[in-house]
Amino acid sequence: MTSEERKEARYQRRKASRQRRREERLKEYDDFDRVKDANNLITAFKKSKSGVDWKASVQRYEMNLLRNINNTVKALESGENVSQGFIVFWLCERGKLRLIKSVHIWERVIQRSLCTNALVPVLQTGLIYDNGASMEGKGIHFALNRLDAHLHRFYRRNGFSNDGYILVIDFSKYFDNILHEPVYQDLQKNFTDERIINLAAQLIRPFCADRKDGKEISLGIGSQISQILAVRFPNGIDHFIEQELDVHEHGRYMDDSYLIHESKEYLQYCLEALKEKFAEKGIIVNTKKTQIIKLSSWFTFLKFRYKLTETGRVVVKPCKDSVTRERRKLHKLKPKFDNGELNFGDLRTQYASWRGYIEYADSYRTICNMDNIFNQLYVPAGEWR
């Protein structure tokens, strides 16, 4: 047997193994009865109310929990449209206005049961490992750690040299530009139970915003089903990067991604090839934030600034905007604290959250300075801890 024949045989064995695991997973999760099971719906409610159990709508739902769950089971069994519209509001995040479409607790319970008992277990299996958004056991720090690992791996592979480049890609209005038709096709490809596909379509169709060409478009920020579908949407392009473009120092966190390579010209070629792929899916590339930068210079990913030094050290700094916003916020909240509108516990929790986030970077002096500001404003006689 030649080396090519051995390679082909190994490939076929691995392909058969993947197909067998996929069939086993489908056998377990390609089942609408799991989604509409009353016990699973109750579990979904308990998780859905976490952090929002103070809301009147959630409390009313819980007061008649068994009746509501029973009505939900009947609605799902009959194929009734379970979408109840949204609570629409604007959220200002880092100076940028975002339109949030929050679903009612009735629909949120159904969405969570659908995602937990069908969509997530099946759809996440085809994702690349370095896709870190909205997956259990992953998250923003996972994505940052993977970038750190990729930089170190590139340094070793490149002959212990930082002579290379990174292509940082950002999408413009990502959720607003997701086409529904490819999403439906992906669901048809991965599920055989039509009831699961129809329920998913029921829940995402209300987000639709028609374009001039008549195509359904847009997923809503703030909806759980939108998160897994948005994570999955460019998955084919992720595999194209690693298998066709042969770039393995690559990662994605929702609409932010990067590619690392020793050749700037090759990254320019990759960008042009990817623009064609993105255009096919209706994804718009943000040209202002999409850049090719030397690894020895500062570049930004997920609000952290990175640089790879000649010795192979990865230097990580927080973005100045993040520090400035927190400092201004501490000063703005001071009058409310003095008037008794905010208690010290809430202020301490907010600051501790920001501090835990910023501790990922090389920010010892920044944290010390911010601790001093917090102590001067709110704890003159002691420490913030």
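Buried means under 20% relative accessible area, exposed means over 50%, and partly exposed lies in between (1.4 Å probe, protein chains only). The structure is a predicted model, in which local features need pLDDT of at least 70 and side-chain atom pairs count only at pLDDT 80 or more, while totals for chains, interfaces and linings use all residues. Residues are numbered from 1 along each chain as its sequence is written, and side-chain values use heavy atoms, with hydrogens and water left out.

**Exercise 1. Classify Glu 262 and describe its salt bridge with Arg 157.**

Step 1. Glu 262 has a relative accessible area of 34%, so this residue is partly exposed.

Step 2. The criterion for a salt bridge is a side-chain nitrogen of Lys or Arg within 4 Å of a carboxyl oxygen of Asp or Glu. For Arg 157 and Glu 262, the closest N and O atoms are 3.7 Å apart.

Step 3. Helices (H or I, at least four residues) and strands (E, at least two) are DSSP runs, numbered from the N terminus. Arg 157 belongs to helix 7 (residues 140–157), whereas Glu 262 is in the loop between strand 5 (256–261) and helix 12 (264–280); the pair links distant parts of the chain, 105 residues apart.

Step 4. Arg 157 is partly exposed because its relative accessibility is 46%.

**Exercise 2. Determine which elements are tied together by the salt bridge of Arg 195 and Asp 33.**

Step 1. The closest N and O atoms of Arg 195 and Asp 33 are 3.9 Å apart.

Step 2. Because Arg 195 lies in helix 9 (residues 194–204) and Asp 33 in helix 2 (residues 32–36), the pair ties together parts that are 162 residues apart in sequence.

Step 3. Arg 195 is partly exposed at 40% relative accessibility, and Asp 33 is partly exposed at 37%.

Step 4. Both residues belong to a network of salt bridges that links Asp 33, Lys 36, Glu 77, Asp 193 and Arg 195. The count for the structure comes to 18 salt bridges.

**Exercise 3. State whether Asp 238 and Arg 252 are buried or exposed, and locate their salt bridge.**

Step 1. In the salt bridge of Asp 238 with Arg 252, the closest N and O atoms are 2.9 Å apart.

Step 2. Asp 238 lies in helix 11 (residues 235–243) and Arg 252 in strand 4 (residues 250–253), so the pair ties together parts 14 residues apart in sequence.

Step 3. Asp 238 and Arg 252 are both buried.

**Exercise 4. Find the geometry of the aromatic pair formed by Tyr 351 and Phe 374.**

Step 1. Rings of Phe, Tyr and Trp (its six-membered ring) pair if their centres lie within 6.5 Å; planes under 30 degrees apart count as stacked, over 60 as edge-to-face and the rest as tilted. A search of the whole structure finds 16 aromatic pairs.

Step 2. Phe 142 is buried, with a relative accessible area of 15%.

Step 3. The pair of Tyr 351 and Phe 374 is stacked, at 4.8 Å centre to centre with 15° between the planes.

Step 4. Tyr 351 is in helix 14 (residues 344–358) and Phe 374 in helix 15 (residues 364–378), 23 residues apart.

Step 5. Tyr 351 is buried at 0% relative accessibility, and Phe 374 is buried at 0%. Both take part in one aromatic cluster, formed by Phe 337, Phe 344, Tyr 351, Trp 354, Phe 374 and Tyr 378.
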